[in-house]
Amino acid sequence: MIMPIHDPVRIGVYVCHCGMNIASRVDVEDVRAFAQSLPGVAAARTYKFMCSDPGQEMIQKDIKEHGLNRVVVASCSPLLHEHTFRRACAAAGMNPFYLQMANIREQVSWVTPDRAQATRKARALIHAAVRRVADHYPLAKERVNVHPAILVVGGGIAGIQAALLLANAGKKVYLVEREPSIGGHMAQLDKTFPTLDCSACILTPKMSQIRTHPNITLWTYAEIEEVAGFAGNFKVKVRRKPRYVKEELCVGCSECVSACVFKEGRVSDEFNQGLSKRKPIYMPFPQATPNVVVIDPRSCLKIMRGKCAMKCVEACLRAAIDFEQREEHAEIEVGAIILATGYRTFDARKIPEYGYGRFPNVYTMLEVERLVNAAGPTGGDITLRDGARPQTVGIIHCVGSRDRRHHPYCSNVCCMASLKMAHLVKERTGAEVFNFYIDMRATFKGYEEFYDQVLREGVQFIRGRVAEVTDWAIRSAEKGKLVIRVEDTLVGVVRRIPVDMVVLATAMEPQEDAAAVQRKFNISCSQDGFFLERHPKLGPVSTFSDGIFLAGVCQGPKDIPASVAQAGAAAAEALCLVDKGFVEIEPNTAFIDEAACSGCRTCIPLCPFQAITRDAVKGVAVINQALCKGCGTCVAACPSGAAGQNMFTDAQIYDEIEGVLADV
Amino acid sequence: MSHPRITWRVKYQEDLDLAFGREIAARPGGEDLYRCIQCGTCSSTCPLSIYMERTPRQIIAMARAGFKDEVLASHTIWLCTSCYACTVDCPKQIKITDIMYALKQKALGEKVYPARFPIPVLAKEFFQAVRRTGRSNESRIVVRMFLQTRPWKLLGNIRLGLKLLRRGRLALRREKMDGGQAQLRMLLQTTRRLENQTPARSPPLAESH
Amino acid sequence: MKYLYYPGCSLKGSGRPYEESLLRLLDRLGVEVAELAHWNCCGATAYMSVDEVQAFALAARNLCLAEACGGPGDAHLIAPCSACYLVLNKAQVYIRQYARIGQVVAEALRAAGLEYHGRIKVRHPLDVLFHDVGVERIKKAVTRPLQGLKVACYYGCQVVRPYATFDNPYNPMVMDHLLRAAGAQTVDWSLKARCCGGTLTGTMEEAGLRLSYILLKEARTQGAQVVATACPLCQFNLECYQDRMQSRFGDGIEMPVAYFTQLLGMAMGIPAGKLGMERLLAPQPAIPIGPPGAAVKGEI
């Protein structure tokens with residue numbers, strides 16, 4: 001702690017209009033006049049945009065001309081511009097920690113509709129800031145070195161892209177994926193809109209680069225257990241689930257799979273959306289990366305009952321199968337983390353009107369992706385459950401999206417995915433295809449052109465949200481079919497359309513454990529459950545936790561091009577952080593007033609960062625400033641009031657409270 | 001050779017009543033009127049929409065655009081049987097059944113419902129019967145409705161009436177309350193008085209779902 | 001637990017067989033009920049088309065009366081008619097959610113010497129029989145199972161939505177479970193909760209009749225021998241206009257339509273006369289009732 005200066009306090013107060021953002025709700029001139037009247041205030045001004053160069057220059061000029069030694073800026077959240085004004089003050093020769101901000105935008109004008117109330121609230125916050133800033137004293141930021149490695153969580157296309165970019169930049173990358181293979185949802189798709197390139201053809205080269213890149217450590221079938229530390233110095237614990245196959249020995253020949261005592265698949269195949277069965281020992285899909293089989297402990301006889309002829313072990317010439325394998329734990333140190341944990345699809349059973357789970361020929365989009373795919377359960381044949389070819393297919397958009405009962409948001413990709421599916425179904429089967437949409441959203445490069453192509457191909461488009469898929473036949477032509485009941489809103493007439501197959505374009509939704517992941521990484525979620533970016537426009541891949549970045553659908557529904565672009569942005573942000581080599585730490589650390597400390601040791605076991613020790617000679621507690629994270633636990637616990645915290649001293653807090661309550 | 005008649009159709013903004021939509025939205029249950037995205041789920045789930053000259057979706061669009069006369073004169077609002085299928089299925093959770101009630105009340109209040117149309121007459125008869133006796137008497141209400149709208153239809157219903165009478169399912173005497181009429185009268189009178197002072201048209205306290 | 005019973009106007013008129021069979025059935029199952037004294041019209045559909053606040057006031061008076069005889073805790077009020085069930089529930093929700101409605105109704109109630117504290121649970125007989133009495137007790141009470149009688153359970157609209165929470169609004173099953181417990185076979189059909197036409201059968205015959213006809217036709221297609229209903233208006237519409245359907249649609253439908261309470265009563269050996277069976281219009285099937293003492297077969 002640096003002792004406060006004893007010059008008389010001369011405060012400058014700067015009230016920002018923020019265009020109309022603040023000025024439309026807060027009487028800024030009234031607030032300025034009020035500030036001017038407060039003791040210690042030497043200057044008070046308003047300006048349209050305080051963050052602009054002229055605004056900053058105004059503050060700097062006052063510091064010099066009026067001899068200001070404290071500055072209060074009443075504007076937006078300190079998250080946005082605290083560093084701007086700190087820098088401006090520092091440039092004028094003032095210690096930047098003599099600055100205090102009063103947030104009269106997010107906390108006042110944006111949330112208080114009544115002008116008189118808003119003005120009163122702004123006065124109270126400024127009064128609090130003026131009282132507090134008088135107690136400030138100069139501080140300095142500390143620099144801490146950054147660990148150069150980067151962790152990418154999630155091996156879908158976003159995680160793959162981010163990991164490759166960073167590895168190509170020469171950084172050490174850990175890529176951790178929960179499933180036995182990377183690839184994510186993109187690996188399940190057949191073709192991709194709007195160019196119709198084969199998903200596997202463009203994805204698998206990237207997957208094999210991941211596998212072979214010298215800078216990448218790939219851990220599949222693994223999950224993050226614990227994250228500690230801070231930007232630049234994260235300590236992460238990773239749990240690697242046993243796959244009962246030695247990854248370094250297996251070459252993916254799949255002899256073991258053929259040899260398994262089960263001659264046929266008996267477990268629902270996750271990759272094929274349950275449309276086929278797999279064995280307890282299996283290769284997730286042909287291009288799985290790593291190309292290593294895995295044994296499912298929930299269906300393997302050896303693991304479940306301890307008894308099996310173990311034909312797989314016999315068949316493996318490389319002795320890769322290892323039933324003794326146990327869970328492994330690894331601890332890594334990284335400077336930055338990119339979360340690319342993806343999404344899951346909406347459970348169509350939640351809209352019983354559409355009959356999913358009740359009528360066998362109602363499918364989800366992802367299921368049909370597998371049917372269309374040559375490596376899928378039907379070898380690329382689009383067939384109904386009984387093997388017949390559909391003559392008519394209805395594709396229903398917005399299933400679970402744009403629906404306040406489920407997800408109020410638009411899932412962004414379903415229009416284009418449905419157009420693509422309509423094209424593929426028509427091309428492969430010649431069926432009559434109907435698309436049922438509320439609004440057609442084809443807004444990215446080449447998308448409208450693709451819509452135009454599908455229109456020309458003769459796909460039928462009906463603007464209307466389907467109310468019901470029913471087996472109730474009225475006309476004989478409807479017998480044995482699924483009847484789609486919809487208002488053709490462009491005609492204004494209710495139509496009944498019998499089809500053989502219904503495809504539901506289900507919503508994208510946050511992963512089931514998104515909330516748990518959010519807590520683990522100490523980031524925020526938006527109302528819809530997706531991870532919250534720091535700023536929707538200007539911080540789209542950052543989070544409110546420094547050093548943790550977002551890529552792909554975990555941040556919100558988006559398609560492959562957008563996910564890849566975002567992954568690039570996240571990689572660039574991570575690179576900025578680790579290449580800078582150091583981070584500056586806010587000096588909000590705790591300190592001990594040695595004269596007051598009784599050496600009682602209360603604080604020592606309470607410190608979650610082991611930052612406190614006892615000086616045996618002096619008989620007092622000592623806080624290691626490099627380890628202290630400023631959590632305040634010791635300050636609150638100290639029975640003799642010897643522990644204090646920079647930026648949050650008792651005097652500062654009490655004066656702030658008195659200021660905010662002065663008018664009450 | 002006769003030529004097909006052609007007419008021109010255009011709606012001038014000054015002939016629309018924008019306050020109409022706001023008024024309906026201010027009625028209980030109408031609060032989400034302006035959230036409609038015109039998806040048509042209501043129309044296709046509605047078992048009666050096949051008889052409507054305008055689908056429920058169109059009624060919503062017209063109400064908020066201010067087509068007051070067309071909406072209030074429409075059969076659509078009277079064909080609604082309050083089965084609530086639209087309300088349950090609406091992805092924007094608009095209480096469409098309640099909006100239909102608000103429109104019916106408005107049409108009755110302004111006496112603009114279709115002439116000799118039995119449904120509003122039945123509603124009024126029901127309303128008056130309950131005001132008088134506290135309970136409804138099915139047969140009396142139905143007879144009075146037919147007399148006012150399509151008296152000849154009564155004949156066709158005599159056979160059914162007799163069948164029901166024989167089986168003890170048609171009460172000819174007026175169904176009365178077993179006490180409490182004075183209290184009920186006071187209740188309804190006060191409600192009407194209070195409503196006339198300030199109509200009960202305020203937004204809900206909380207989201208219903 | 002003792003229940004209060006709110007018959008509503010229809011159960012005193014065309015719906016008499018519903019009241020008779022319901023009360024008999026509850027008595028047989030040992031469920032105590034007492035009819036609410038001095039009740040008035042619930043404020044149903046037609047009334048709400050004229051003035052919804054008055055409709056809520058009407059409903060609220062019934063709730064107050066029920067609360068007054070229900071004692072200090074929550075009281076359960078059985079409303080067998082779907083319209084009554086809906087309006088009584090809707091009134092509770094709207095009085096709570098819309099400040100002005102709540103104020104007007106409370107003040108009007110005060111003027112009439114009443115006050116409502118929100119302690120009434122409005123219940124439908126389907127809900128009470130399935131959730132309170134339970135399938136097991138019903139199974140035990142069955143003495144003459146409806147051996148394999150094919151029933152189309154028809155729930156209608158207002159008893160499953162939007163205020164009911166006791167069953168799935170899209171594919172309700174409670175009545176199916178109850179009748180299966182009585183030995184019947186229930187058919188799986190998609191129109192269980194589709195509107196019967198309500199009062200339109202009387203006011204706009206063309207539209208109303210078709211709605212009822214659609215239901216009967218589909219029930220017949222699915223092989224039903226009888227349609228079971230849970231609402232007096234549904235029962236009336238489906239039963240009383242079958243001859244008119246024949247003349248209008250040229251399709252002679254002869255489908256018995258009974259209250260689910262009547263069918264359950266039959267299975268418990270209550271004499272047809274006590275269940276109001278002779279009050280039904282449509283031809284009654286020979287309901288295949290098992291010999292006394294036969295047990296319900298098969299999976300329920």
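Is B:Cys83 buried or exposed, and what is its relative accessible area? In this predicted model, B:Cys83 has a relative accessible area of 8% and is therefore classed as buried, the limit for that class being under 20%.

Chain B is built from 11 helices and zero strands. Read along the sequence, chain B accordingly shows the pattern α-α-α-α-α-α-α-α-α-α-α. The C-alpha atoms of chain B fill a box of roughly 60 × 55 × 30 Å along the principal axes. Chain B has 209 residues, of which 53% count as buried. Among the contacts in chain B that join residues at least 6 apart in sequence, 63% are between residues at least 24 apart. Two domains are assigned in chain B, with domain 1 covering residues 15–109 and domain 2 covering residues 118–176. The C-alpha centres of these two domains of chain B lie 29 Å apart.

One helix pair in chain B illustrates how its elements pack. Helix α1(B) packs against helix α3 of chain B, which comprises residues 56–65, at an angle of about 115 degrees, and the two axes are 5 Å apart. On the side of α1(B), the contact is made by B:Leu18, B:Phe20 and B:Gly21, while α3(B) contributes B:Ala63, B:Arg64 and B:Ala65. By class, the residues in this contact of α1(B) with α3(B) are four nonpolar, one polar and one charged.

The cysteines were considered next. A search of the whole structure finds one disulfide over all chains. This disulfide joins A:Cys198 to A:Cys201, with an S to S distance of 2.5 Å. The link of A:Cys198 and A:Cys201 is right-handed, with 90 degrees about the S-S bond. A:Cys198 counts as partly exposed at 24% relative accessibility, and A:Cys201 is exposed, with a relative accessible area of 52%. In chain B, B:Cys80 is in no disulfide, and the nearest cysteine sulfur, which belongs to B:Cys86, is 6.2 Å away. B:Cys80 is buried, with a relative accessible area of 17%. B:Cys83 is likewise in no disulfide. For B:Cys83, the nearest cysteine sulfur is that of C:Cys195, 4.9 Å away. That distance is over the limit of 2.5 Å, so the sulfur atoms of B:Cys83 and C:Cys195 do not count as a disulfide.

Charged side chains were then examined. Side chains of opposite charge can pair when their charged atoms come close. The count comes to 72 salt bridges over all chains. In chain A, the side chains of A:Glu656 and A:Arg132 meet in a salt bridge, with 2.9 Å from N to O. This pair links distant parts of the chain, 524 residues apart: A:Glu656 belongs to helix α18 of chain A (residues 650–661), and A:Arg132 to helix α5 of chain A (residues 115–133). A:Glu656 is partly exposed at 27% relative accessibility, whereas A:Arg132 is buried, with a relative accessible area of 5%.

A salt bridge is also formed by A:Asp439 and A:Arg463, whose closest N and O atoms are 3.9 Å apart. The two residues are 24 residues apart, with A:Asp439 in the loop between β22 (432–437) and α13 (447–456) of chain A and A:Arg463 in strand β23 of chain A (residues 460–463). At 27% relative accessibility A:Asp439 counts as partly exposed, whereas A:Arg463 is buried at 12%.

In chain B, a salt bridge connects the side chains of B:Lys95 and B:Glu31, at 3.1 Å from N to O. Both residues are in loops: B:Lys95 between α6 (85–89) and α7 (96–109) of chain B, and B:Glu31 between α1 (18–26) and α2 (41–45) of chain B, 64 residues apart. B:Lys95 is buried, with a relative accessible area of 9%, and B:Glu31 is partly exposed, with a relative accessible area of 24%. Beyond such pairs, salt bridges that share partners join A:Arg178, A:Glu223, A:Glu225, A:Arg239, A:Lys241, A:Glu327 and A:Asp513 into one network.

Chain C is divided into domain 1 (36–123) and domain 2 (135–279). The C-alpha centres of the two domains of chain C lie 28 Å apart. Across the boundary, 11 residues of domain 1 of chain C are in contact with 10 residues of domain 2 of chain C.

Methods. Residues numbered from 1 in each chain as written. Chains lettered and ligands numbered in written order. Predicted model: local features only at pLDDT ≥ 70, side-chain atom pairs only at ≥ 80, totals over all residues. Heavy atoms only, no water. Salt bridge = Lys/Arg side-chain N within 4 Å of Asp/Glu carboxyl O. Helix = DSSP H or I, 4+ residues; strand = E, 2+ residues; numbered from the N terminus. Buried < 20%, exposed > 50% of the residue type's maximum accessible area, 1.4 Å probe, protein only. Axes fitted to C-alpha atoms, helices over the stretch in contact; angles between N-to-C directions. Contact = heavy atoms within 4.5 Å. Nonpolar A, V, L, I, M, F, W, Y, C, P; charged D, E, K, R; others polar. Domains from an automatic or database assignment.
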